[in-house]
Amino acid sequence: MSYFNYLKDQWSLILGWLFFVLLTIFVMWLTPHIGVDWATIGYLTLIEGVFLAFFLFVGYLTKRRWWGKLANLQKTSPLQNYLDGGHTEEEKLVEAYINQLIREHQEVMQEAITNQQDQKDYIDSWVHEIKVPLAATQLLVRSIEFDIDDQKYTMLENELSKIDEYVEQVLYYARLDSFSRDYLIQEYGLKSIIQPVIRSQANYFIQKNLRYEVIGNDQTVLTDAKWVAFIFKQILSNAIKYTPDHGQIIFTIEKTAKGVTLFVKDSGIGIPQEDVGRIFDKGFTGVNGRVSKTHSTGLGLYLAKNLSEKLGISLSVESVEGEGTTIILFFPILSFYHEER
């Protein structure tokens, strides 16, 4: 706090001093044995003014140390470090109040963290438990493949596949914050990551008569295959969902001096221009998600964007409404990794 601001806070003391000076002059004027003239009044005011200035300056120097502690507490995490060093009763009262607030905040935060961790543990457990009956159901469906109509069998497989994808989304969403404990960065061929994902969506390609093509030579990328496969699956799922029957999806792999780029281009309905900047927002479904017959959670691209950033992958989109959408995944070359090798 500056000295000027300190003086503004002491306005009541300054007014009291001024009242005392006027009262002293008035008492002297009422006393018949004391001669009052302007020189005497000026001298008296000067002496009392010096004492007031000295008192205010000493008070400012005394409190400035305390204000410095408060300022440092604000700069360094104010809700993590306790305040100490109070000398006067007023400072000790403020210190006790602030420390009590910090303690209460830390207790609430610790409780929230514990509850959040319990919830994550429950979700992880639930996901792994639900996968067992889900896998059993898929085996049962395959066992009756020749006993039911082909169309009904395909619909059953598709619905089970959707359930599996939603369960997987829940698992990856729960692991967003603990990403650093669950990844393995290695060199992989990009095609070895995307081709199994494309094959897993074969039913949808066949059902909608979609054509796909992979253009470009296989390129090596430095990443985590499991997380990239999940990201690619969210992108491909959206491309299939919003591409009409007899459409096409083109996968193009390009390599430049800066890195490897994967383009996923579909001939779908495209994204309205006003929605393009928001498709990676959590829970955002846009116009297409509301008017389309297919259900949209608004989590797939949100997860893809967040996981891409954690892996150092650039994820962007280009779209023309009515013509199609291109999702671009850019894997930068990490020069320091190759230098160390």
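At what angle do helix H5 and helix H8 pack, and how far apart are their axes? Helix H5 (residues 150-174) and helix H8 (residues 225-241) pack at about 130°, with axes 12 Å apart. This is a predicted model, in which local features need pLDDT of at least 70 and side-chain atom pairs count only at pLDDT 80 or more, while totals for chains, interfaces and linings use all residues. Residues are numbered from 1 along each chain as its sequence is written, and side-chain values use heavy atoms, with hydrogens and water left out.

- Axes are lines fitted to C-alpha atoms, for helices over the stretch in contact, and angles run from 0 to 180 degrees between N-to-C directions.
- Helices (H or I, at least four residues) and strands (E, at least two) are DSSP runs, numbered from the N terminus.
- H5 and H8 are therefore oblique to each other. Angles under 35 degrees count as roughly parallel, over 145 as roughly antiparallel, 65 to 115 as roughly perpendicular and the rest as oblique.
- H5 passes H8 in a left-handed crossing, a term for a near helix turned anticlockwise from the far one by less than a right angle.
- On the H5 side, Glu-165, Glu-168, Gln-169 and Tyr-172 make the contact. They meet Lys-226, Trp-227, Phe-230, Lys-233, Gln-234 and Ser-237 in H8. Contact means heavy atoms within 4.5 Å.
- By class, the contact of H5 with H8 has 3 nonpolar, 3 polar and 4 charged residues. Ala, Val, Leu, Ile, Met, Phe, Trp, Tyr, Cys and Pro count as nonpolar, Asp, Glu, Lys and Arg as charged, and the others, Gly among them, as polar.

**Helix packing: H4 with H5**

- Helix H4 (residues 89-143) packs on H5 at about 165°, with the axes 10 Å apart. That makes H4 roughly antiparallel to H5.
- The crossing of H4 and H5 is left-handed.
- H4 residues in the contact include Ile-123, Trp-126, Val-127, Ile-130 and Leu-134. Among those of H5 are Leu-156, Leu-160, Ile-163 and Val-167.
- The residues of this contact divide into 14 nonpolar, 2 polar and 6 charged.

**Nonpolar core**

- The largest nonpolar core has 45 residues. Such a core is a set of buried Ala, Val, Leu, Ile, Met, Phe, Trp, Tyr and Cys residues joined through side-chain atoms within 4.5 Å.
- Phe-232, Leu-236 and Ile-249 have the most contacts inside this core.
- The largest share of this core, 11 residues, comes from H8.
- Ile-249 touches residues including Phe-205, Leu-236, Ile-240 and Val-264, leaving out those up to four places away in sequence.

**Single residues**

- Thr-326 sits in strand S7. At 13% relative accessibility, Thr-326 counts as buried. Buried means under 20% relative accessible area, exposed over 50%, partly exposed in between (1.4 Å probe, protein chains only).
- Leu-13 is in helix H2 (residues 11-30) and is partly exposed at 31% relative accessibility.
- Leu-13 and Leu-56 are 43 residues apart in sequence, but 9.3 Å apart in space, C-alpha to C-alpha.

**Positive phi**

- Asn-209 has a positive phi of about 55° although it is not a glycine. Asn-209 lies in the loop between H7 and strand S2 (211-215) and is partly exposed, with a relative accessible area of 44%.
- His-246, also a residue other than glycine, has a positive phi near 65°. His-246 lies in the loop between H8 and S4 and counts as exposed at 63% relative accessibility.
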